[in-house]
Amino acid sequence: MRWLITGASGFLGANAVRVLSSGHDVVGLVRDINTAPWCDQKVAADLLAVDTLERAVHEVEPDVVLHCAGMANHQACAANEELAMRVNAQASGVLAGAAAARGAAFVYVSTDAVFSGARGWYEENEAVSPNTAYGRTKAAGEETVLNAHASAVIARTNFFGWSPSGHASTLEFFVRELGAGNRVPGFVDYTVTSLFVEDVVESIERVVES
Ligand SMILES: NC(=O)c1ccc[n+]([C@@H]2O[C@H](COP(=O)([O-])OP(=O)(O)OC[C@H]3O[C@@H](n4cnc5c(N)ncnc54)[C@H](OP(=O)(O)O)[C@@H]3O)[C@@H](O)[C@H]2O)c1
């Protein structure tokens, strides 16, 4: 299958390119064509420029679009929620619509932050309850995606692992700080079921292939 992976320069996208390249024809979508040297095939498009997104899907002719690009930083989303809404919600709807128009599968990588966390152990069909700017924009993204592509896959996840920058994941933070001999204070009232990033990609691959 031909996979178009958005956010190929980022933490999840780079891992997705590496894992999926062993069994598929993979094209990375990047904002800047000079990034993500690990992609053998790349196209450039900006989530804020609708025409570039639609053109990229049209040119690549993917069977699957795995949408990993987005504003994943909570602080950045809180600082400019309107921009985060355009990037995480509106652009996702445009990409999903472009995938639907060519009959391609679409996967939107969402987050456990669509729930407030007040209770825990949420079921798939529960109403969302985001209490952060990031969570609100991702919940809105789920809606725009499903409106544009009724059979899109929404993967609500949370992951750890190794990123190209070495600074994108919590695991890297702990390894760096503890490796330098620093004490790292942690939370005692926070439980999360994070997955290893490669397992997230392989789970998505299994769902798409099934
Ligand atoms: N990290 C987690 O634990 C986690 C948990 C749940 C869900 N998610 C979701 O998983 C996805 C990937 O997260 P991540 O941790 O891999 O994030 P990341 O490392 O910050 O990567 C984000 C990617 O999005 C791209 N991007 C941002 N704005 C763009 C724009 N305007 N046009 C084109 N590309 C743009 C970035 O490109 P540049 O390199 O050019 O900036 C980068 O490749 C996100 O949708 C996030 O919400 C992440």
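This is a predicted model: local features need pLDDT of at least 70, side-chain atom pairs count only at pLDDT 80 or more; totals for chains, interfaces and linings use all residues.

Colleague: What percentage of the residues of the protein chain count as buried?

Modeller: The C-alpha trace spans about 50 × 35 × 35 Å along its principal axes. Among contacts between residues at least 6 apart in sequence, 64% join residues at least 24 apart. Of the 210 residues, the part that counts as buried is 41%.

Colleague: Turning to the ligand, which residues around it are the closest?

Modeller: The ligand is surrounded by 21 residues. By class, they are 10 nonpolar, 8 polar and 3 charged. The closest are Ser 9, Leu 12, Arg 31, Tyr 134 and Lys 138.

Colleague: Which element gives the largest share of the shell around the ligand?

Modeller: At least two residues of the shell come from each of α1 (11–21), β5 (105–111) and α5. The largest share is 3 residues, and it comes from β5.

Colleague: What percentage of the ligand's area does the protein bury?

Modeller: Start with the backbone N or O atoms that lie by ligand oxygen atoms: one of Leu 12 is at 2.8 Å, one of Gly 7 is at 3.3 Å, and one of Phe 159 is at 3.3 Å. Taken alone, the ligand exposes 900 Å², and the protein buries 82% of that.

Colleague: Is Thr 137 buried or exposed?

Modeller: Thr 137 sits in helix α5, residues 133–148. A polar atom of its side chain lies 2.8 Å from the backbone oxygen of Tyr 134. Beyond four places in sequence, Thr 137 touches Glu 81, Ala 84, Met 85, Asn 88, Ala 89 and Tyr 108. Its relative accessibility is 0%, under the 20% cut-off, so Thr 137 counts as buried.

Colleague: Which side chain makes a polar contact with the side chain of Glu 142?

Modeller: Glu 142 is also in helix α5, and it counts as buried because its relative accessibility is 6%. Leaving out residues up to four places away in sequence, it touches Tyr 108, Ser 110, Val 114, Val 128, Ile 154 and Arg 156. The polar contact of its side chain, at 2.7 Å, is with the side chain of Arg 156.

Colleague: The backbone oxygen of which residue does the side chain of His 149 reach?

Modeller: His 149 is placed in the loop between α5 and β6 (153–157), and at 7% relative accessibility it counts as buried. Its contacts beyond four places in sequence are Ala 96, Ala 99, Ala 100, Ala 104, Ala 105 and Phe 106. At 2.7 Å, the side chain of His 149 reaches the backbone oxygen of Ala 104.

Colleague: How far apart in space are Ala 118 and Asn 131, C-alpha to C-alpha?

Modeller: Ala 118 is in the loop between β5 and α5, and it counts as exposed at 74% relative accessibility. Ala 118 and Asn 131 are 13 residues apart in sequence. From C-alpha to C-alpha, the distance in space is 9.7 Å.

Colleague: What is the phi of Trp 121?

Modeller: Most residues other than glycine have a negative phi. Trp 121 lies in the loop between β5 and α5, and its relative accessibility is 75%, so it counts as exposed. It is a residue other than glycine with a positive phi, near 50 degrees.

Colleague: And what is the phi of Glu 61?

Modeller: The loop between α2 (50–60) and β4 (64–67) holds Glu 61. At 47% relative accessibility, Glu 61 counts as partly exposed. Although Glu 61 is not a glycine, its phi is positive, at about 55 degrees.

Key:
Residues are numbered from 1 along each chain as its sequence is written. Side-chain values use heavy atoms; hydrogens and water are left out. Helices (H or I, at least four residues) and strands (E, at least two) are DSSP runs, numbered from the N terminus. Buried means under 20% relative accessible area, exposed over 50%, partly exposed in between (1.4 Å probe, protein chains only). A polar contact is a pair of N or O atoms within 3.5 Å; within protein, one must be able to donate a hydrogen and the other to accept it, and residues adjacent in sequence count only if both atoms are side-chain atoms. Contact means heavy atoms within 4.5 Å. A residue is near a molecule or strand if one of its heavy atoms lies within 4 Å of it. Accessible areas come from the Shrake-Rupley method with a 1.4 Å probe; for residues, only the protein chains shown count as cover. Ala, Val, Leu, Ile, Met, Phe, Trp, Tyr, Cys and Pro count as nonpolar, Asp, Glu, Lys and Arg as charged, and the others, Gly among them, as polar.
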